[in-house]
Structures are given as structure tokens and as C-alpha cells.
Amino acid sequence: MFNRICIIGVGLIGGSIARAARQQGLSNTIVGYGRQQDEQNLQTAKQLGVIDDYMLDLAEAVQGADCVVIATPVASIESIFVLLKPLWSDSAIYTDVGSTKGSVIAAAERVFGVVPDNLVPAHPIAGAEQSGVTASVNDLFLNKRLIITPVGNTKPEAVQKIQGFWERLGSLVSVMDVQHHDGVLAATSHLPHILAFALVDMLGHKDEQSEIFQYAAGGFKDFTRIASSDPTMWKDICAANKDEIIPLIEQLKGELDKIQRLLETNDTRQLFETFTYARNARQRFLDQFDNNINMSKSITFQVQPGGKLQGEARVPGDKSMSHRSIMLGSLAEGVTHVKGFLEAEDALATLQAFRDMGVEIEGPVNGELTIHGVGKHGLKAPTNDLYLGNSGTSMRLLSGLLAGQAFNSVLTGDKSLSGRPMKRVTEPLAAMGADIKTTEKGTAPLHITGRAGQLTGIDYAMPIASAQVKSCLLLAGMYAQGVTSVTEPAPTRDHTERMLSGFNYPVKQEGNKVSITAEGSLTATDIDVPSDISSAAFFLVGASIAPGSDLLLKHVGVNPTRIGVIDILRLMGANIEVLNERTVGGEPVADLHVVYSALKGIDIPEHLVPLAIDEFPVLFVAAACAEGQTRLTGAEELRVKESDRIQVMADGLQILGVDAQSTEDGMIIQGGSIGGGEVISHGDHRIAMSFSIAGLRANAPITIYDCENVNTSFPEFRDLAKRLGLDLVCREA
Ligand code: S3P
């Protein structure tokens, strides 16, 4: 790409550019320039092979260079321009890496009169708190953002060449105007640095400094890492961009004042709202940009082989019912109290969506919520897109509910949710008169134009057995003229119907057909959410496959439309007792006692598939431990869950030495032994937990990558699994 690159300032950034350019073969020669006092560093750079040679004379250094990279601190760029002015060559391209761009442009104007058209200002958003060439690395810019800020007269060919150069170094290049760049960076980089410096400055000056730092833990370290950055460099950056930074400091003071007031007035509800908003906003941009910012922790589970599950446990609340409790509680007249609510990301996404539509919801505190219902027509237009994270249930059910509102809305989700099929809901909704736009592929974001009073009921025969589709249409039917009926090809979970009845809303069930109209209103009620059988399933399988296990799982929801996992395990020879059956708030609940028992392979009856739809990943683990062959058919739906659960499980089981063959609509597994190995959950919570359970019967350790999403349904999984006897450790990186 270039014949000779001259790097002015061979420190962390300059050195890393040289290393990456050399690795990519982008220049025949790479030389460095520095001042006399930098000679030691330049010598090191040469010895390390970062540069071919160095010069202390700038004329010599830029001689014959077709690319000159100014990688000095922002404050010295002007003096470099002064030195370069008599040596400036029209045939070379000049670029810099300064963190503020307005100051670089202003310096160029002062020195040259007009900014030279072959100067391409650029800023790699990458760095480390260490400095000097010894800290330089080959991959500093890999998958990192780089912003180019050309001015009016910058030559497009020069911009293109510098863009190509940075792309070859692995950067994700954007082009924007100077002021925009400086505003964005003031907020996302300069202000956080100032905060980190300020906090450590304040705490460091306290008398008890030695004592408090002794107790500082991960949060302090994470938050203040950047206070170890080079003070000279940061004083220069902050001074150069002060016009953008000062208004932000003012705003932040206002935010801190607000939090102070909330504490003074014990307004924990508002405090919670503020923290929740911030947490969700962070999650939203992580999901949108995690391909390059990668700020979310990646979580790895490591499971040692063997062990048994013993004791008693109550797993967290049912996810499906938790979603519905928020939805119906919000639409009810009066105050609904919820107990046993699942405090996990999916259900919290629904909760936040309703807060965003003006519903006051207190909690959750220890699974308890108070929902101040706004009535069927009381939702307000959200000011932003409703972000639903990983949660398919939130998106599909909300699409039905929002189709008939008097306002428009947009539903978005994370990468996995944005790839899942939505036509299954938007098509029947369109037949009711709804106006919902998807992407061309029929996926989110969903742009919903509210058609209050304009929906009409339909009689819909569902082509797939989906409780989400059924529930979506019932919610839309509450706003439609006439009757909305849904006929299902096989029974699916009926929590929506049961809960609607619990709120006194009329729903008619005739065989496999359920009907609803807009006649009626919801009366607030109290909801007691039982434990989620889908979470209990991991331990039902774990105890069934690990010799010596004896486990009691308490207060589990055993709605007949959800107990396929018990039926399938029993067919395989599992020893599961359903004890103390009772009805709580219209839902059957029981304690499940499970004791180890040798399992045998079976052909899974297809009618049980919708009744165990979320439990197949862990049932595949049971099959891998069973004697003989297990065959699943009629389960193509598994391919469009949070991951392609057929493929991902088959791949993982094969890595663990299991003979697992995926088929279009299921899997064939020859039971035997499970080995150790490294598997990937593909961001699917149930895959991560299933492979953890496999460790109980593995003969070597299993490492499972990408386990963050366990938090979507079962944040307590790792602690509970450990307490019951699984040797699991969790690493965060
Ligand atoms: C759910 C229904 C099921 C299930 C999902 C939750 C619900 O999806 O897989 O985890 O709460 O209605 P489908 O109805 O699409 O099968």
C-alpha cells in the first residue's frame, strides 16, 4: 500500500500502527521519528522490530515517505505541523491519531493557513492505560472503531487510502464531521476519564485512604481503571476539547444532584427507576454494538465431571406467567400484586416496556411487584423504541397488544431476537387489519402503527402449535370488533387464557378453540407465580442421570400444558414423583421428588413436543446418558428458538463424544458416555445450562462459552446448581 511509512511518535499507538502495518505487509519500510530525549524508546522500538529504523532528524525521517502518521499527544501536533511545513510533500498522505479533532484542524489552520488537502485527520478509538512502545501490540485496532474527520477540501482519494489502510489494520472505519466527533468523544471518552480521575483524586485525599482502598473490590477497579492513564496526555485532551466537555460536566452535576435528592427523600422507587433505565440503556447499546465495543462480560462455565444432586430447592418463577402478569396487571383496573415474579432479563424487558408506556410498577423486590393498572385503554405512547432484549415472548405478545392501541410503537431486540421469525404473528394480525412492518426477512424491528378501533376479529387456524401466536392474537382480540378465535393443532401452554379468567376477562374455550372479544375489562387481582418447570427441568434431568441423586423441587408449576418433560423422562425410566398437588391462583402447582434411575432411550411421542418445547436441550443430555437410542421428530420449531437448538446441541454433544445426529425436525442420539470438551452456547441460556448438567455424567471437564444469557431466565442457576452438588465455576472476562 505504501513504500515508506514514517511514524512520528513511536509510543503505544504509533508502535501498534507500525506492528499491525508490518504484519499486514502494508509498507516496504517503516521508520520512526522522535526527539533526542525519545531516543531510548526509539532504540527499543527498533530492537523489538516494530520499526526498521529511526531518525532524530525530521527531514531525514520523512524523506521519501508516502505516508506520514503523526502519533504524538494532541498538544504537540501543532509544533509537529510547524516542523513539517517546510518539508511538506504534495505526493504524500499525512494523517494523525489525535483524540480531539477540532484542535488538530485549528492547529493546521494556524500553521498552514488552510488545512492541507492531503492531511486526513483520524482517530482510532483504541488504547490502553499503559504507554510507550513496549506496550504496543499487533491487534490494538482489531474490531475497534476509527473515525476519519475530513474537512471541505480534503482529497477524497486521500480519505479513501487512509480508510483502506485502517481497515487493513482491522478497524471499523466511520467518517464524520469534526464537531460531531468531538461531541461524541467528549461524552463517551473524555467525561468518563475525568470522572475516574476525579473519584480517585477525591478518595485518595481522604485521611482514611489506606483503609478504604484495602476494601476496594472489582467495582472500584473496573470504574477507575482509566485513572491509570497518562496524565499529560489526558490534561491535553481535556483542555483541547473543553468546549464540549464543560456542558457535559454541568449535566452530570444535575444528575448527581437528582440522585442525592432521591436519597435524601428516601425515594427508592425513583432511584430504582433511574438505575433500571441506565442498566437497560447500557444493555441496549451493548446489544446493538457488541460486535465492536464488546463491553459486556463474556461468561464461561467450567464444570468438573461427576457429582450428584441432593437436597431441596425452589427454582425461580415461571417466565411465561411473569410476562403475562405484567401485561394483564398493567391493563387491569386497580392494583395488582404479584408474588414469585421471575427477576430475570426477559421478564424485566416486559416490565420495562410497560413502564415505558406509562405504567407505574413498584419492585421487583424478592419477586414481589405492585402494578398500578391503567385499564385496557390507559397505555401511553412510549417515547422511544421498546427494547425487548432476548425475549421472543415479549415481542410476539406485545405485537398483538400494540396493534390495536391509539399510538404507534417500534419493537426491537438483541441479535438473536432480531433473527427470529415474526411473520407467524404479523400475518394473522394483518388479517385482523393491523399495520406492522417487519424487515424483508420478516424479522424485527417491528414498526407498529396503532389502529385503535379498526381491528376485526378473525377465526384463525394456527399452522404451528405456538402459545406465543395464540396469546398474541388473544391480546389483539381484546381490541377487535367481533370475535377473535384461535384453533391450535396441538395443545400449547394456556397461561394467557387462565390469567385472563383470573382477571375476570371473558375467554371461551371449546375443545382446541379459544375465543375472545373486546367486551370486557380486567379487574386487578393478586398473582402467585409458581416455579418455572422449564428451569426445574435442568435439575429433573440432572438428578435422573447422576447416580446417588435425591432431590425435592418445591412449588413447581405443573400446568398440564407444560409437563411434557416429566412424561418424557418417565417414559425413559426416570423416577419422578409429583407430590402435594394443589391449585394456586388458577394454576396447578406441586413438589417434584426425583431420584436417580437408569434411563433408556425412547422414540419421543410427537404429541408431547409442544408440551416440552423448551426442555429439549436438556432432554438431549438425558438421551445421551440413556441406554440405547432416543429419537425426536416433529420438533422443527427448535430450529427457531433463541438459537437453532437442534444444530447447536448436536454440535456440542458431538464435541463431547456423543453420537448425536441432527435431522430436519429433531435428533437421533445413541446413549452411552459423555466426554469432556469445550462447547459454545451460542448465547442461548438453555443450551448453556444443559451442557452444565451434562457435566454430572461426563468423564472429563466441560467448558461452556458464551453463558451470559443464562441471566435471561435463570440468574441463580450457577449458585443453585453448585449448592445442589454440581461442581461448576464461572469465569468472567
Ligand atoms: C412461550 C411459548 C413457547 C416457548 C417460549 C415461551 C410463551 O414458544 O418456547 O419459551 O410464554 O408463550 P412458542 O409458543 O413459540 O412455541
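Predicted model: local features only at pLDDT ≥ 70, side-chain atom pairs only at ≥ 80, totals over all residues.
Across the interface of domain 3 and domain 4 there are 12 residue pairs in polar contact, with both partners at pLDDT 80 or more, where a polar contact is a pair of N or O atoms within 3.5 Å, and where, within protein, one atom must be able to donate a hydrogen and the other to accept it, residues adjacent in sequence counting only if both atoms are side-chain atoms. Residues are numbered from 1 along each chain as its sequence is written, and side-chain values use heavy atoms, with hydrogens and water left out.

As for the parts themselves, the chain is divided into four pieces, among them domain 3 (302–310 + 530–732) and domain 4 (319–527), with bounds that come from an automatic or database domain assignment. The centres of domain 3 and domain 4, taken over C-alpha atoms, are 29 Å apart, and 25 residues of domain 3 meet 22 residues of domain 4 in the contact, meaning heavy atoms within 4.5 Å.

How much area is buried between domain 3 and domain 4? The value is about 2,000 Å², of which carbon and sulfur atoms give 46%, and buried area here is the accessible area (1.4 Å probe) that two parts lose on being put together, summed over both. R562, E642 and T712 supply 25% of the area that domain 3 buries against domain 4, more than any other three residues.

E642 also forms a salt bridge with R420, the closest N and O atoms being 3.7 Å apart, under the rule that a side-chain nitrogen of Lys or Arg lies within 4 Å of a carboxyl oxygen of Asp or Glu. Between domain 3 and domain 4 the count is 3 salt bridges, and the structure holds 29 salt bridges. E642 is in the loop between β29 (629–632) and α22 (645–655), and R420 is in the loop between β16 (409–412) and α16 (423–431), so the pair ties together parts that are 222 residues apart in sequence.

Turning to the ligand, the residues around it include S320, Q468, R493, D614 and K641, each with a heavy atom within 4 Å of the molecule. A polar side-chain atom of S320 lies 2.6 Å from a ligand oxygen atom, a polar backbone atom of Q468 is 2.9 Å from a ligand oxygen atom, and an N or O atom in the side chain of K641 is 2.7 Å from a ligand oxygen atom.

Finally, some backbone geometry. A cis peptide bond, with omega about 5 degrees, joins G363 and P364, and P364 is found in strand β13 (residues 360–365).

Technical notes: Helix = DSSP H or I, 4+ residues; strand = E, 2+ residues; numbered from the N terminus.
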